Amino acid sequence: MKILMVGAEAVPFSSSGGLGDVMGSLPSAIKKNMTFDDDIRVILPLHEITKNKFMDKLTFVGKINVKLAWRNQYCGIFECNHNGVIYYFVDNEYYFKRADLYGNFDDGEKYAFFCKAVLEIMQAVNYFPDVLHANDWHTALCVIYLKCLYANQERYRNIKTLYTIHNIEYQGVFDFSIFDDVFDLAGCDRSLFDYDGNINLTKAAIVCADKVSTVSERYSQELLYRYFSGNLHHILQRYSYKLCGIVNGIDINYYNPAKDSIIEKKYDWKHLQNKAVCKEAFQREFGLQINQNIPIVAVISRLASHKGLDLIKCVFDDIAYENLQFVLLGKGEYEYEEFFRNEMKKNRPNVRIILDYNKDLSRKIYSAADILLMPSKSEPCGLSQMIASRYGVVPVVREVGGLADTIKPYNPFDKESNGFSFRNYNAHEMLHVLNYALSIYSSKPEWQELVKTVMQKDFSWNKSAEKYINLYSEIIGN
Ligand code: GLC
């Protein structure tokens with residue numbers, strides 16, 4: 001089988017969150033589980049950040065022109081072998097020489113160009129996949145163009161599609177005024193795109209794709225309810241026969257405290273005394289009291305409302321007055337940045353807040369922390385709880401989406417429990433469970449056992465890569 005995965009970002013080339021982690025690690029995991037005749041390749045935009053950091057590692061393949069309505073745009077094609085997988089990069093400085101991956105006024109045009117380019121690149125590099133696997137709304141138009149504009153061409157006709165929803169909060173909603181002129185969809189059925197009077201690319205991709213997946217089983221069930229669906233439950237219910245969930249894994253070689261050179265001292269579950277060295281170094285570096293007996297509670301998260309930050313806001317004083325050290329790393333919505341900026345002004349000796357997205361610093365925090373707090377309102381999968389586990393940080397999570405699928409709540413008699421969880425979206429329920437976790441922390445032998453279990457939990461891609469391969473086969477009809 002031949003697979004082509006497309007996405008807007010991938011570690012290490014570009015990343016702003018979990019999607020990048022998945023795009024950077026899932027393809028090679030799939031490749032390792034495939035037979036020799038099979039192939040998987042990836043196409044990404046050549047963002048400015050990728051150009052700055054990786055240009056010397058990329059090879060120029062060729063250039064083509066890509067038409068988007070009346071536009072005729074240059075499209076350079078570069079490639080790079082990343083962990084055994086060919087990654088292609090779409091070069092066009094007009095669209096991609098920008099500091100941010102998303103959030104520009106012309107995001108719709110930028111990603112429409114990218115999607116058109118993907119379909120043209122198949123021809124240019126002569127790689128026509130059996131399954132085109134698109135990820136999130138930025139690549140929804142690949143699926144749509146394939147069905148609406150390319151399906152009458154011989155080599156495109158048999159390409160099947162999988163559309164993966166990493167987060168339904170971001171749907172790609174645009175005004176119909178750009179339907180012809182920007183999206184180049186003149187003559188296509190407007191009702192396919194119409195949702196509440198706007199173009200909704202996620203809706204159209206769900207309708208067009210052969211299969212729709214999401215990044216945990218629980219989230220695939222939750223999406224059928226209005227509360228979780230970002231208002232697309234009607235569509236997801238109608239097409240529920242296409243929908244399935246495959247839980248994400250993480251790159252366990254990249255997230256490995258036994259090999260990570262960023263952290264103070266490398267460690268594994270058999271050498272937890274070295275994690276204590278990391279904790280001490282962190283406490284020193286960040287001016288916190290140096291004391292192994294004070295637990296460090298970390299929040300490492302995009303500051304978006306669905307991450308449950310309202311709960312933290314609501315009882316922040318209670319949390320901060322506990323006998324703990326609180327460290328937050330993240331940036332995002334103004335409301336939360338402002339809240340935490342105000343908290344910083346209080347100069348509490350046990351609170352450190354860093355409003356940034358920084359992968360290296362996040363691993364330093366994981367190496368030092370004892371508890372990760374992740375009280376998401378909704379969570380398609382969540383990667384922080386898995387990364388934290390690798391570094392011996394015990395997750396305290398809300399039982400929702402992928403968090404429910406990956407964390408089994410603590411029960412002293414269950415040797416498989418690997419964290420703490422609470423059910424309702426309620427700040428005091430969160431606080432209660434956090435306090436329960438802190439009480440176990442103070443009983444050292446019990447906590448050490450728990451940390452060892454947490455660290456040994458298999459969060460590799462292996463099982464899920466196998467499931468993707470089965471799903472591809474099912475789509476192809478083998
Ligand atoms: C999004 C989701 C997160 C998921 C990630 C990768 O960032 O919010 O839950 O783990 O995508 O699929």
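## T202 and its surroundings

Leaving aside neighbours within four places in sequence, T202 is in contact with W137, Y163, I168, Y170, Q171, G172 and L232. The model in which these contacts are found is a predicted one. T202 belongs to helix α7, which spans residues 201–208, and its relative accessibility is 2%, so it counts as buried, the cut-off being under 20%.

One of the contact partners of T202, Y163, also has a place in the strand pairing described below, where its bridge partner in β11 is V212.

## The open sheet

Nine strands make up an open sheet of mixed pairing, and their order across it is β3-β4-β5-β2-β1-β6-β7-β11-β12. At its edges stand β3 (59–68) and β12 (243–245), each of which pairs on one side only. On average, and with direction ignored, neighbouring strands of this sheet are turned by 25° against each other.

Strand β5 (residues 85–91) is joined to β2 by five bridges in the parallel sense, and Y88 of β5 is the bridge partner of I43. On the next step, β2 and β1 are also parallel and pair over five bridges, with I43 in β2 standing opposite V6. I43 therefore has a bridge partner in β5, namely Y88, and stands opposite V6 as well.

Strand β1 (residues 2–6) then runs parallel to β6, to which four bridges join it; here L4 has L132 as its bridge partner in β6. Five bridges link β6 in turn to the parallel strand β7 (residues 160–165), where L162 is the bridge partner of H133. Finally, β7 and β11 (residues 211–214) run parallel and are joined by four bridges.

## Two enclosed strands

Strand β2 (residues 39–45) is largely enclosed by the rest of the structure, because seven of its seven residues are buried. Both of its faces are covered, with D39, R41, I43 and P45 buried on one side and I40, V42 and L44 buried on the other.

Strand β6 (residues 131–135) is likewise largely enclosed, since five of its five residues are buried.

Helix α1 lies across β1, β2, β4 (71–82), β5 and β6, and its direction makes an angle of about 160° with that of β2.

Helix α4 (residues 107–124) comprises 18 residues and reaches 25 Å from its first C-alpha to its last, which is close to the 26 Å expected at 1.5 Å a residue. Because 15 of its 18 residues are buried, α4 is largely enclosed by the rest of the structure. The helix is followed by N126, whose phi is positive, near 55°.

Note on methods: Residues are numbered from 1 along each chain as its sequence is written. This is a predicted model: local features need pLDDT of at least 70, side-chain atom pairs count only at pLDDT 80 or more; totals for chains, interfaces and linings use all residues. Side-chain values use heavy atoms; hydrogens and water are left out. Buried means under 20% relative accessible area, exposed over 50%, partly exposed in between (1.4 Å probe, protein chains only). Two strands pair if DSSP finds at least two bridges between them. Axes are lines fitted to C-alpha atoms, for helices over the stretch in contact, and angles run from 0 to 180 degrees between N-to-C directions. Contact means heavy atoms within 4.5 Å. The expected span of a helix is 1.5 Å times one less than its number of residues.
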